[in-house]
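Colleague: Could you put the model up so that we can go through it together? I have some questions on packing and on a few residues.

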Amino acid sequence: MTTPSPTLPAARSSLLKALLIADSIVSLIGIPLALFWGLMSGMSTTTTRNNAFAELYVLVNLTLPLALLACLIGAWTAFAFRRERIAWVVIFLPLIWVAVSLGMMANWPEN
């Protein structure tokens, strides 16, 4: 009877690792800026009578720093567990918050 030979785990992507390092630097610089953006977006509630829209805009902007931090931790965790596809997706998830916020600014109600 032969014993099965141990298989070596797949090598990790060096491009993904470099992108994770760059994402870490950008996120750590961007979290305080996103927090400032979220706090200042509270003043937008005075520019429209549509309070629900303005409050949703503030909520989206206030959760952006949390999303940056959670996605940074999630991407590194996925990389550590050798789930590279998940890491690739999680790295770019905060862009959804930015796109939603910019879309809301572009469609701001006038009254």
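**Contacts around one residue**

Modeller: Let me start with Asn61, which, leaving aside its neighbours within four places in sequence, is in contact with Ala34, Trp37, Gly38, Ser41 and Ser101, where contact means heavy atoms within 4.5 Å. This is a predicted model, in which local features need pLDDT of at least 70 and side-chain atom pairs count only at pLDDT 80 or more, while totals for chains, interfaces and linings use all residues. Residues are numbered from 1 along each chain as its sequence is written, and side-chain values use heavy atoms, with hydrogens and water left out.

Colleague: Where is Asn61 placed, and is Asn61 buried or exposed?

Modeller: Asn61 sits in helix α2, where helices are DSSP runs (H or I, at least four residues) and are numbered from the N terminus. Asn61 counts as buried, at 1% relative accessibility; buried means under 20% relative accessible area, exposed over 50% and partly exposed in between, with a 1.4 Å probe and protein chains only.

Colleague: And Ser101, what is that in contact with?

Modeller: Leaving aside its neighbours within four places in sequence, Ser101 is in contact with Trp37, Tyr57, Val60 and Asn61. Ser101 belongs to helix α4 and is buried, with a relative accessible area of 0%. The C-alpha atoms of Ser101 and Leu56 are separated by 9.5 Å, although these residues are 45 residues apart along the chain.

Colleague: Buried or exposed, for Tyr57? And which residues do ring pairs link into a cluster?

Modeller: Tyr57 is buried, with a relative accessible area of 5%, whereas Trp108 is partly exposed, with a relative accessible area of 22%. The rings of Trp76 and Phe79 also pair, with their centres 5.9 Å apart and their planes at 90 degrees, so this pair is edge-to-face as well. Both Trp76 and Phe79 lie in helix α2, three residues apart, which is about one turn of the helix. Trp76 is partly exposed, with a relative accessible area of 30%, while Phe79 counts as buried at 6% relative accessibility. As for the cluster, ring pairs link Phe53, Tyr57 and Trp108.

Colleague: Switching to helix packing, how do α1 and α3 cross?

Modeller: The axes of helix α1 (residues 14-40) and helix α3 (residues 84-92) come within 11 Å and cross at roughly 30 degrees. Axes here are lines fitted to C-alpha atoms, for helices over the stretch in contact, and angles run from 0 to 180 degrees between N-to-C directions. The crossing angle makes α1 roughly parallel to α3, given that angles under 35 degrees count as roughly parallel, over 145 as roughly antiparallel, 65 to 115 as roughly perpendicular and the rest as oblique.

Colleague: Which residues make the contact?

Modeller: On α1 they are Leu15, Leu16, Leu19, Leu20 and Asp23, and on α3 they are Glu84, Ala87, Trp88, Ile91 and Phe92.

Colleague: What about α3 and α4, at what angle do they pack?

Modeller: α3 and α4 pack at an angle of about 25 degrees, with their axes 4 Å apart, and they are therefore roughly parallel to each other. Val90, Ile91 and Phe92 in α3 meet Pro94, Leu95 and Ile96 in α4.

Colleague: Last one: what is phi of Arg82 near?

Modeller: Phi of Arg82 is near 60 degrees, a positive value in a residue other than glycine. Most residues other than glycine have a negative phi. Arg82 is found in the loop between α2 and α3 and counts as partly exposed, at 39% relative accessibility.

Terms used: Helix = DSSP H or I, 4+ residues; strand = E, 2+ residues; numbered from the N terminus. Phe/Tyr/Trp six-rings, centres within 6.5 Å; stacked < 30°, edge-to-face > 60°.
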